[in-house]
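Subject: Structure handover

Hello,

Please find the structure below, with notes on what was found in it.

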Amino acid sequence: MIETAIDYKTLYEETVQLHEKYVKESSLKIAAFQHELDNLKRLIFGSKNERFIPSGGTQSQLSLDMQADAVAQCSVVKAQKIEYVRNTTQITKEHPGRTKLPEHLERREIIIEPAAVTEGCKKIGEEITEELEYEPGKLFVNRYVRPKYIMAAGKGIIIAPMIDRPLPKAIVGPGLLAQIIIDKYVDHLPLYRQMERFKREGINIPYSTIGDWIKNGCTLIDPLNESLKKLIVQSNYLHADESPIKVLDKDKKGTTHRGYYWVYHNSIDGLVWFDYQEGRGRDGPVEVLKDFKGYLQTDGYAVYDFFKEEKEITVLHCMAHARRMFFEAKENDKAIAEYALEQIGLLYNIERKAKEQQLSPEQKGQLRQTEAVPVLASLGKWMKETYLKVLPKSAIGKALAYSIRRWTELMLYTTDGKLNIDNNPVENSIRALAIGRKNYLFAGSHEAAKRSAMLYSLMGTCKLHGINPFIWLRDVLQRINNHPINKIAELLPHNWELITKG
């Protein structure tokens, strides 16, 4: 009987321990699920701005607590009441008026004469009002007529050779082909919507025909894509990121394949290159960057850790990703998250100062060493101490762990003024892809996804250099057939302006 009582007691204690363990684990899971739910709500309904501004324009309570010791050492010797009168000068700014319309726009002059008889009157001036108007783009037909002549004595026939056309076997001209591509890959207008617009003009163009035009046009400009890739690999500083795309796959009936665009951005020279891969493994970037030497800036995705072992590559990470983790952890531990956000905000203030003062890379590097490094050193130490006081699996624990593991790579940007504090340049390049993805939903095949990657690369590079992509693409389509292949880089957007002006 005694042994049975002891067994029941042991069983009871084990049950209680298991119950407590279960409750603890369940609480952590519930907190994690609640954190994910809050993030989803924020993504759908909330503000996308992650810049942190302390409430009331003051430092967070945690920051104030950390300074309490220093404040306590100060004593008030004498209080004085100071009164003064502030003289202010009110400056009234004149309204600048309407924005002047660009001079290059066509002016269609409409003269409105007064109803009264003006015979015998002397004109003393005129009132001019400009109105910005628009006419929808119109389709028209280029009708190439080549007269044929028979030579004297019937020795032969003379006829002018046909001019070179981008797609000689298709009815599409370079301007229309360029506009179809721009509409989809710059203005995010799916092909079926473009077809509806053509129908309003009385032109029915099958979807397959437009698809063939784009496919053949991409084949024509593919050498430009390869040339851009070479320039990207030759860079000594690249941002890298990846973004998913749904792709129709004949081997996956009833569903789509999840492919990825790997994006490489040279923020110094204004170049961006998209590479489509069927997966998110390291094979793609390893192949692309096998000859790369220099700085590679990435987020914390583990695939990029491979490059840390390469002697010729220095990997640095993105402060914006670290900030995002704390921004999302505010509901879990507001005081710790806001202190971290406040300190990271100081780092971004330094970057803002450098931009406003238009500092050179050397000057920016000196500013970072003087002002940013002390903040980073203090913040890194604080993170390690704070991590010991929180639950590792909590949102704030994960945010701290994310930064602590990558702190060396997060601080690397301070060693060279040409480096960025974050990976935002490449994320800005991906934005066009994200908007387009919402409109056309998926790529029709893996080959179509590769063609899209090429067009996003060239259109994105146009944007980085402020070049009108339609004018560039139309001109390149007309030139490329007769352009020397060994000088194909001259037609890349950043070089194209030089040859057109020259």
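Predicted model: local features only at pLDDT ≥ 70, side-chain atom pairs only at ≥ 80, totals over all residues.

Residues are numbered from 1 along each chain as its sequence is written, and side-chain values use heavy atoms, with hydrogens and water left out.

Cores. A nonpolar core here is a set of buried Ala, Val, Leu, Ile, Met, Phe, Trp, Tyr and Cys residues joined through side-chain atoms within 4.5 Å; buried means under 20% relative accessible area, exposed over 50%, and partly exposed in between, with a 1.4 Å probe and protein chains only. The largest such core has 69 residues, and Ile210, Ile221, Leu224, Leu458, Trp472 and Leu473 have the most contacts inside it. Helix H6 (residues 207-234) gives the most to this core, nine residues. Helices (H or I, at least four residues) are DSSP runs numbered from the N terminus. Another core, of 39 residues, lies apart from the largest one and includes Met319, Ala322, Ala340 and Trp382.

Helix H10. In H10 (residues 361-387) there is a kink of about 40 degrees at alanine 372, shortly before proline 374. The bend is the angle between axes fitted to the seven residues ending at a residue and the seven starting there. Buried residues of H10 include Ala372, Val375, Leu376 and Trp382.

Packing. Axes are lines fitted to C-alpha atoms, for helices over the stretch in contact, with angles from 0 to 180 degrees between N-to-C directions. The axes of H10 and H11 (residues 395-405) come within 10 Å and cross at roughly 135 degrees. H10 is therefore oblique to H11, where angles under 35 degrees count as roughly parallel, over 145 as roughly antiparallel, 65 to 115 as roughly perpendicular and the rest as oblique. Trp382 and Met383 of H10 are among the residues making the contact (heavy atoms within 4.5 Å), as are Leu400 and Ile404 of H11. H4 (residues 174-185) and H5 (residues 191-200) pack at about 130 degrees with axes 9 Å apart, so these two are oblique as well.

Loops. Histidine 188, in the loop between H4 and H5, has a positive phi, near 60 degrees, and counts as buried at 11% relative accessibility. Glutamine 358, in the loop between H9 (334-356) and H10, has a positive phi near 50 degrees and is exposed, at 71%.

Regards
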